[in-house]
Amino acid sequence: MITAAHYSFRNLTLDDLDLLESWQSRPHIREWWGSDAPFDRAKLADPKVARWIVSHAGRPFAFMQDYSVHGWDDHHFAKLPEGSRGIDQYIGAPDMIGLGHGTAFIGARLRMLFEAGAPVIATDPHPENARAIAVYTKLGFEPFGPPQKTQWGLILPMKVPRPVVMRR
């Protein structure tokens, strides 16, 4: 059985850029993540966004970020309560997909964010990304509006209020 205790989150550093670039070149990530410009020192210093390398049993396998939804004036989550966080992530290692790791590590990070005081956590998968939507639904996320076009692409706005309720 996979539990939250099996995951660690460490801050992304410039030393991780090659790893991210290799993950982002993979078809299963490019399909949904796109080809964002690589992170640089300025992006890593942005206090609005916390970026993480996620490891399982000491092996890095995923990227995750959480951010202040109020950090951008025109952000599609700006109407959420003060202190709300947005999340994005992907599993970079193809052999870790479909084994329950996504639900487990995202759930672990949600608990951390709620324990730190976030009243709501939101995410914005592409409306056709059924796998991501299924994971978010298991974690208690619900859509709160129709799909919409944003500066980051077509999204389905989803949110979960504190506390996280795991659904099976």
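I started with one residue in the predicted model. Phe63 has Tyr90 of strand E4 as its bridge partner.

I then looked up the strands around that bridge. Strand E3 covers residues 59-68 and strand E4 covers residues 85-91. I find E3 and E4 paired in the antiparallel sense, over 7 bridges.

Next I traced the whole sheet. I read an open sheet of 7 strands with mixed pairing. The order runs E1-E2-E3-E4-E5-E9-E6. I checked the edges and found strand E1 (7-11) and strand E6 (142-143) there. Each has a single partner strand, so one side of each is left without a neighbour in the sheet.

I turned to the helices. Helix H1 (residues 17-24) packs on the sheet and touches strand E2 (49-56), E3 and E4. I note an angle of about 95° between the direction of H1 and that of E3. Helix H5 (residues 130-138) lies across E4, strand E5 (120-123) and strand E9 (158-161). H5 runs at about 15° to E9.

Aromatic rings came next. I get a count of 8 aromatic pairs. One that I looked up is Phe61 with Phe105, edge-to-face, at 5.6 Å centre to centre and 90° between the planes. Phe61 belongs to strand E3, while Phe105 belongs to helix H4 (residues 101-115). The pair links distant parts of the chain, 44 residues apart. Buried or exposed, for Phe61 and Phe105? I find both buried. I also list Tyr7 with Phe61 and Phe105 in one aromatic cluster.

Last, I looked up a charge and a ring. The charged end of Lys159 sits over the ring of Phe144, 5.0 Å from the ring centre.

Notes:
Residues numbered from 1 in each chain as written. Predicted model: local features only at pLDDT ≥ 70, side-chain atom pairs only at ≥ 80, totals over all residues. Heavy atoms only, no water. Pairing = 2+ DSSP bridges. Helix = DSSP H or I, 4+ residues; strand = E, 2+ residues; numbered from the N terminus. Contact = heavy atoms within 4.5 Å. Axes fitted to C-alpha atoms, helices over the stretch in contact; angles between N-to-C directions. Phe/Tyr/Trp six-rings, centres within 6.5 Å; stacked < 30°, edge-to-face > 60°. Buried < 20%, exposed > 50% of the residue type's maximum accessible area, 1.4 Å probe, protein only. Lys NZ or Arg CZ within 6 Å of the ring centre and 35° of its normal.
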